[in-house]
Amino acid sequence: MKSFTLSVAAAAIGVAALTACSTSETDSQSANTVSVPDYWPQIQSPIANKAAVEEKVEALLAGMTIEQKVAQLIQPEIRDVTVEDMRRYGFGSYLNGGGSFPGANKQATPQEWIDLAEAMYQASIDDSLDGSTIPTIWGTDAVHGHNNVIGATLFPHNIGLGAMRDPGLIEKIATATAKEVRATGIDWIFAPTVAVVRDDRWGRTYESYSEDPAIVGDYARAIVTGLQGDISDGNIDDQHVISTVKHFVGDGGTDKGDDQGNNLASERDLFDIHAQGYVQGLNAGSQSVMASFNSWHGEKLHGSKYLLTDVLKNKMGFDGFVVGDWNGHGQIPGCSNDNCPQALLAGLDVYMAPTPTWKPLLENLVAQVNSGEIPMTRLDDAVSRVLRVKLRVGLFDLPSPANRSLSGDMSVIGADAHRQIAREAVRKSLVMLKNNQQLLPLAPASRVLVAGDGAHNIGKQSGGWTITWQGTGNENSDFPGATSIFTGIEQTVEAAGGEAELSVDGSYSEKPDVAIVVFGETPYAEGNGDIANVEYQRGDKQDLALLKSLKAQGIPVVAVFITGRPLWITPELNASDAFVVAWLPGSEGGGVADVLFSKPDGTVNYPMRGKLSFSWPADPFQNPVNKGDGKQPLFAYDYGLTYEDSGNLGALDESVNSAANAAGDAVIFQQSVQQPWSLIASSDGQQGTMNSNVLSVNSLNIRTADRRVQEDTLQVEFGSSEDSIRFFSPFPEDLLDYAIPTGVLAFDIQRSSATGITVSMSCGEGCEAELALDDFTSSDNDWQRVAIPLTCFVDKGVNLRETYVPMALSADAATSFKLSDIRFTRVETPVACPGS
């Protein structure tokens, strides 16, 4: 979705070699004929390759039809598949995505989760329609606890756990998560994420433990061990789950931190930096690997035979299965969501196929095996891998989901023992950046003002992947048994005879002894979380104003920062006396108060011990910045004050040379539509996406044409006033850097008539603005360069921080025109808006 165009040099170095690998007809069972560097190691899995398991795999495989085999490779999503579909096809697995619940009910009880698991299981072993009795398995994104289920324990997100430097506690977290997942009848977790994030602009930074591959490797081993248990005998018991190391490989190293973008690392760096979590996670016995959305030197990972087969399976010896990510196969060139033999040929074993496209995908794969396009050896290898893991998890011997040892045990969901583990993780994850005059720890018998919009907001403190996919739309009532940061403070202070007052805006009834301001990022997940630079609250410094207001009143200010990544918060640091990074602590906000306050006698209650597992940027544009790269961050990797440290942090330089660090052009169309945008044509209620050089939708026609070079122009014909075109991204793009007096939407246009054309932009539902093209062009029919000030759109309410449609065109009658070289850019002299 967000890959980048390669330079000629990169293409020559990287893609040519990889393409040769990807078109090889060898499969993962054949000899390793591709040269793979020896630094890719053989996996030392704790599971012995038991002959009995392989005999069972072969026996099962021998009795299966092609249709039954292909069904084992299809993974639909619960919103788009029914129990009857399971009975008819016998899918090998199914999933619930983030924000997807049984019966589409966010408040679904654990029993309702079990009921669906039971129904799907029984349908899968019912051979009345498909002739198969192979049990299905359910996979879920339990990435910081069983985060889709109301009442579950929510642990800190990975970035906070990385600050602990405590693999032993990670293993306990994983074990507790496995139990809560098993209590709802689910067998398989899409975790751990072992991305090594190198650019904090990426919206999934909080899913990474560290920029340091050593930490990621140690944690991968610990979490896989906790999720799967002791599997040295080849069995995963029913109080543990199948784990998934993801996303293979290099997702944390994309250019500019762009989600699903292009990783340009050398193969040696790909291994040394981005593969260490796989080495350790697979050495611990993880049974599945998820392919990544990103590309490596321009080749999509879902279609990389070199990495999925030659490296992972043949060289490293991984004998579990490779599962795709959410329709990731459809992003391979030449593929669509419903037709992609290339992924299976490359080494994908299970297609994650949400949306109704699972059915034509299944049918196409069956036809492609029958035609010989997909060799039977590759199909059998993929199915064998799925069956091998099902045998190792005891699926053929266990009772049905409703009758397993933890199923239906409601005391497991949000168990006090699990919450205590989570609270310990919160305490250990806090990182103190500033503590002037050793303000912390605070005396609990104080008058404490607790301010900021994160103080009493469990959804905000938990971040993305919390009940809903993006972590938005939640209320405190959606978290029974959880504790907000304010509630933890209130309990601590009142127990010592003090008073705690909650006030989001910082007002108070009586002047406090100290103010604790809890603020930070609004929840987000992949796609939506990408940012152009790492300045906190760029263009809207509400939280800074709150901090300054309290400090100006002579009140000592403790800042508690909720964030999924290091951000440029130098002004906020200067406006605080003490500054603590709480990351995304999850459901047990009381762990923050445990550390911020001393015991009643003034001694330390819990130590401040967290250390940065990411370098902290010195300015908004210092990305990437990583340990050992020669750059000077504001706070280096491994920084973190303790209560024993003395000395004050002086005033920091807040100046930013934004002009010197200005982003380059954001290109929308230059010879082709540029990622992440797609071109959509709409006509009289119908629409189509331009995937080739011609598109027709009713009376609307688009084709490419030549102006200066081949196909550098879009030739558009509107047949009526019902026609329009728009450039669109399914996720909001951060274009706020262009909201300056010299920022413009620039493009070349040649018009055929004086018909009124409207140019518009959109930043989501109810957030759009329109301008008349005539206000910015001459009336002649020659090519002309247009520069529309982006401030004109901003003045009409467009939020460039969340841009979905950077340009759309419609007209009041039939007309035609040509477009070329469309981009967001800067001009030397500001352009005035009409009427200004």
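**Salt bridges, sheets and buried elements in the predicted model**

E526 forms a salt bridge with R204, with 3.2 Å between the closest N and O atoms; a salt bridge is defined as a side-chain nitrogen of Lys or Arg within 4 Å of a carboxyl oxygen of Asp or Glu. E526 belongs to the loop between strand 15 and helix 19, and R204 to the loop between strand 4 (188-189) and helix 9 (213-228), so the pair ties together parts that are 322 residues apart in sequence. Helices (H or I, at least four residues) and strands (E, at least two) are DSSP runs, numbered from the N terminus. Both E526 and R204 are buried, where buried denotes under 20% relative accessible area, exposed over 50%, and partly exposed the range in between (1.4 Å probe, protein chains only).

The model is predicted: local features require pLDDT of at least 70, side-chain atom pairs count only at pLDDT 80 or more, and totals for chains, interfaces and linings use all residues. Residues are numbered from 1 along each chain as its sequence is written, and side-chain values use heavy atoms, with hydrogens and water left out.

Over the whole structure, 44 salt bridges are found. Among them, the side chains of K315 and D38 meet at 2.8 Å (N to O). K315 lies in helix 12 (residues 305-315) and D38 in the loop between helix 1 (8-22) and helix 2 (51-62), so this pair ties together parts that are 277 residues apart in sequence. K315 is buried, with a relative accessible area of 18%, whereas D38 is exposed at 66%. A salt bridge also joins the side chains of D349 and K313 (2.9 Å, N to O). D349 is placed in the loop between helix 13 (341-346) and strand 11 (351-352), and K313 in helix 12, 36 residues apart; both residues are buried.

Two open sheets were examined, strands being taken as paired if DSSP finds at least two bridges between them. In one, three strands follow the order 5-7-10 with parallel pairing. Strand 5 (244-248) and strand 10 (321-323) are at the edges, each with a single partner strand, so one side of each is left without a neighbour in the sheet. Strand 7 (residues 288-291) is joined to strand 10 by three bridges, and M290 stands opposite V323 in strand 10. The other sheet has three strands in the order 6-8-9 with mixed pairing; its edge strands are strand 6 (262-263) and strand 9 (299-300). Strand 8 (residues 295-296) runs antiparallel to strand 9, to which two bridges join it, and W296 stands opposite E299 in strand 9.

In helix 19 (residues 542-552), the buried residues are D543, L544, L546, L547 and L550. Viewed down the helix axis, these residues fall within an arc of 160°, so they line one face of helix 19; the arc is that of the directions from the helix axis to the C-beta atoms. The face turned away from the buried side carries the exposed residues Q542 and A552. Elements covering the buried residues include strand 13 (447-451), strand 15 (514-520), strand 16 (557-562) and helix 20 (570-574), with contact meaning heavy atoms within 4.5 Å. Just after helix 19, G554 takes a positive phi of about 75°.

T466, in the loop between helix 17 (458-462) and helix 18 (485-495), is buried at 0% relative accessibility. Not counting residues up to four places away in sequence, T466 touches H144, N147, L154, H157, G471, N474 and F479.
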